[in-house]
Each structure stands twice: as C-alpha cells, then as structure tokens.
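Trainee: I'd like to learn how to read salt bridges and helix packing in a model. Can we walk through one together?

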Amino acid sequence: HSFFHRNPAMIKPYLSAFLLSVALSLSASGQTLSEVKTGASADLEAAMTELADLRASIREEKIPLARERRELEAQVRSLRAEAEAARSRVDNADVRLDQLRAQISGREEELRYVANLLDEYLRGMQARVHVSEVALYEERIRGILDSAETRGNEATAVVSLAAALDLGSERLRTISGGSIFEGQAVLPNGRFETGTFVLAGPLAYFANDSASGLVLRGESLRPAVETIANQDIAAAVASLKAGGRANFPVDSTLGNARAIEQTRTGLIGHIKKGGIWIIPILGFAFVSLVIAAFKALELYSIRMPQDASVHKLLDLLGQGKNEEAKQLAAQLPGPGGKMLQLGVRHANDSVALVEEICIEKVIETQPKTQRLLAFIATTAAVSPLLGLLGTVTGMITTFELITIFGTGDARNLSSGISEALVTTEFGLIVAIPALIFHAVLSRKANSLLATMEKHAITFTNGLKITREQA
C-alpha cells in the first residue's frame, strides 16, 4: 500500500495484471462471475464487522492511554523541574567550590610568602652571626632549616621556621650590651684551643693562657685570633670576665683596612699575578726600551749643516775657489756634511751626476737612521696581543676553577682573574710608550733624511744656476 501511495502511476498496470490473473484463475477453476461477486460481498461484510469491532476496542483503550500519557507528561515536567533545580544547586556548588579554591590558593600564597620571609630572615641571621658565635648558633640554625625542608607543605614549614624568630630574639637578648662566652679559636701558631670570647657589637676578642687578640674569620672559616701590638687583650678580657671594666682597641673599619693592606703587593708580586705570559711582554718591553734609548742617543746626536753653510759653499764654487770649498765642506758635520763633501768633489762634473751622488748618499743614510725602529713598532703591536692571550688563558683558568669550586667564594677565582687582567694591563703599559717612542724616533729620522734631501736639492740647483750664470 505504501508503495502504491508513493507511486500512483503504477496502480493501473498492476490492477490490470491482477484482474487478468483472477480471470484466468476463474476460467481455470470453472467459477462464474456471480459466484465470485457473492463471495467477495461476504468477505467485505466480515471485514467491515471486524473493523467496527476494532474501532470500538480502540475507543475503549484510548481514554486510559490518554490519561496515562497526561500522567507521564506531568511526571516529565516534574522531573525536568527537579533536574533544573539540581543543575542550579550544582552550579552554585561549583561557584562556592571555586571561591573556596581561590581562598585556599590565597592562603597558600600567604603561607609561602611568610615561609620565604622566615627562611630569608634565618639565612640572613646565619650570615650575620659573628664567626665567634658560629659554634653557638650554627647547629640550631641548620636544624631549623632541615626541619622546614622535610615538611610536606607551607603550613608545617612556617611552623618550623617560626622557631627562627625565637632564636633571633634570644640572640638579640644575649648580645645586647656585649656578651662573654667560652669557645675555640685558631691561634697565631696554628693551634685550635679553647678560651674566652668577648663580643661587643661587630667586634670580638679572644684570650686564653696561650694568646689573645682580635677575632677574625680565618681561611678555614673558623674564628682566628690576630694579636695586636702593644695591647694587653688578655688582661682586659680577664677584668671584664670578673665583672670589672676594661678598654679594648676598636677597628672603626671593621677589618676593611686590614684586608686592604693585606691585598697590597709590590711590583714583583703584581707582576707574578700575570702568569707565564707576562714574561714575553716584559721581554719585549726591555728590548724595546733599550732600542729606544739607543736610537734616541743616535738620532739626536746627529748634526746637520746649516742652510747658510750650503749657500757659502755655492758662493765659493761660483767664485772658482774649489779648494776653499773643499775645506769648508770637510768641516761640516754629520751625513749631510759627507754628502756635501762628495758634491764639492764632483762640482766640475755634470749636474745630473752630482744629483745622483747626493741621492745615493741620502739612500745610503736612510737604513742607518731607521734601523731597529721596526722592532719598536712590533713591540707596540705584539704587546696588546700577548696581553689578550694572557686574558684568554686567565679566563680559561677561571672557568676551570668555577667548575671545581663553584662561584661561592671569589677568592678561589682570584688567580685566574688576576692573570686575565694583569697581562692586559702590562700589554697596554708596554704598547703605549712603544707606540710613542716609535712615532717620535721615526719623525726624527724622517726629519734628518728630509734635511739631507733639502740640502742636496739646494746644492744641485745652486750648481745649475752658477753654471748658467757663468
């Protein structure tokens, strides 16, 4: 039925085929059309009766079903309302839960902040404790820090670190107005002995039967005793310990003046900090200085003829007084005088020859005046490079020490840093004067050569003019 409802055009062909099949079956069974009609009417009446019964049954069952449907719809509406209420309660609970989580997070941040403050206070107190008090407080401070680190959360850590406030208050009460206590210190002879400490502010003093003096932090991070000349610290400590009064020497710089004095080294000690690369730098400096002194004596001792002497020679040659000119030329000093002697000797030759002789003498003098100056220039160029090389090796040493000791104690890194800086310092100290010496001496040498060239040109031009006039 649904197929014919969707495709009404197909009804006619199928109906024709159905009637044809019925006619064939009737003809085959021998029934007449009236008999078929009668049977079909009976079947139709039976079907109508069955349809009426079915409709009556549907009407009877429809009312209870409608009632049940309304009841179910009412239940659905009720369940939906309950679901909305539950969803609203869940949303409200989520909001409250988020608020509680935010409050918990804020409290945790506050606890973490307080714990950091207490930890910073405790570590600051650990750094501020005088070296003489380390034995009194170090173990307790370390115990508090260890207890705080082993706790599971910030709240318990704050409880552990709160003991730092009690410890700090106890220390302030103890050191207020000074304190006297027993402890051990490293004596000047290297022995570790027990004695009495007197702590007054940032200064501490120690005394026992063996030695007495000011307490400083030693290389082993233990309290070390340094004796003070002309000061009886032992008597002062004994008097104070007995309840009397005493006078103690006070270092207003808190040990800085002593530390600065200990870091001062002489020139030899400063040079030793440069390491192996300071040796070639100083070698170049010494050789360059000797050469500079030698060249300065050599160049500044050279005398050149005056311009008037050259003109007098030309006047004598113009007058034909060659012998007198030779005698005057023989008296002229320096390489310029020798050049003029050769020029007078060949005065009767061509001017071109005289000019070539003078130029040859100038060229001959040039290597003598400029010799060894290249080494000074080399020193000025090489010394900074050697200093840079020392800097690189010093930094390599520093990084190696950092790998071994870390960056906690700068004194372990001082050797590499000193080598890195001292070599650069000496490289510049050598290069700058060498550069100045080379510039001054080169200028002097060039001045001498320029003077010779000037006299040569003056002499040859004068000969040319004299011959033209003759």
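Trainee: How many residues apart are glutamate 73 and arginine 69 in helix α3, and what does that spacing come to in helical turns?

Mentor: Keep in mind that this is a predicted model. Glutamate 73 and arginine 69 are four residues apart in helix α3 (residues 33-128), so about one helical turn separates them. They form a salt bridge, with the closest N and O atoms 3.1 Å apart. Arginine 69 is exposed at 55% relative accessible area, while glutamate 73 is partly exposed at 35%.

Trainee: Which residue forms a salt bridge with glutamate 110?

Mentor: That's arginine 107, with closest N and O atoms 3.9 Å apart. Glutamate 110 counts as partly exposed at 45%, and arginine 107 is exposed at 51%.

Trainee: Are glutamate 298 and lysine 295 buried or exposed?

Mentor: Both are buried. They lie three residues apart in helix α10 (residues 278-300), and their salt bridge has its closest N and O atoms at 2.8 Å. Shared partners join Lys295, Glu298 and Arg371 into one network. The whole structure has 14 salt bridges.

Trainee: And packed helices, what describes them?

Mentor: The angle between the axes and the distance between them. Here, α4 (residues 134-150) and α6 (residues 163-175) pack at about 165°, axes 10 Å apart. The cut-off for roughly antiparallel is over 145 degrees, so α4 is roughly antiparallel to α6. Contact residues include Tyr137 and Ile141 of α4 and Leu167 of α6. By class, the contact has six nonpolar, one polar and three charged residues.

Methods
Residues numbered from 1 in each chain as written. Predicted model: local features only at pLDDT ≥ 70, side-chain atom pairs only at ≥ 80, totals over all residues. Heavy atoms only, no water. Axes fitted to C-alpha atoms, helices over the stretch in contact; angles between N-to-C directions. Helix = DSSP H or I, 4+ residues; strand = E, 2+ residues; numbered from the N terminus. Parallel < 35°, antiparallel > 145°, perpendicular 65-115°, else oblique. Contact = heavy atoms within 4.5 Å. Nonpolar A, V, L, I, M, F, W, Y, C, P; charged D, E, K, R; others polar. Salt bridge = Lys/Arg side-chain N within 4 Å of Asp/Glu carboxyl O. Buried < 20%, exposed > 50% of the residue type's maximum accessible area, 1.4 Å probe, protein only.
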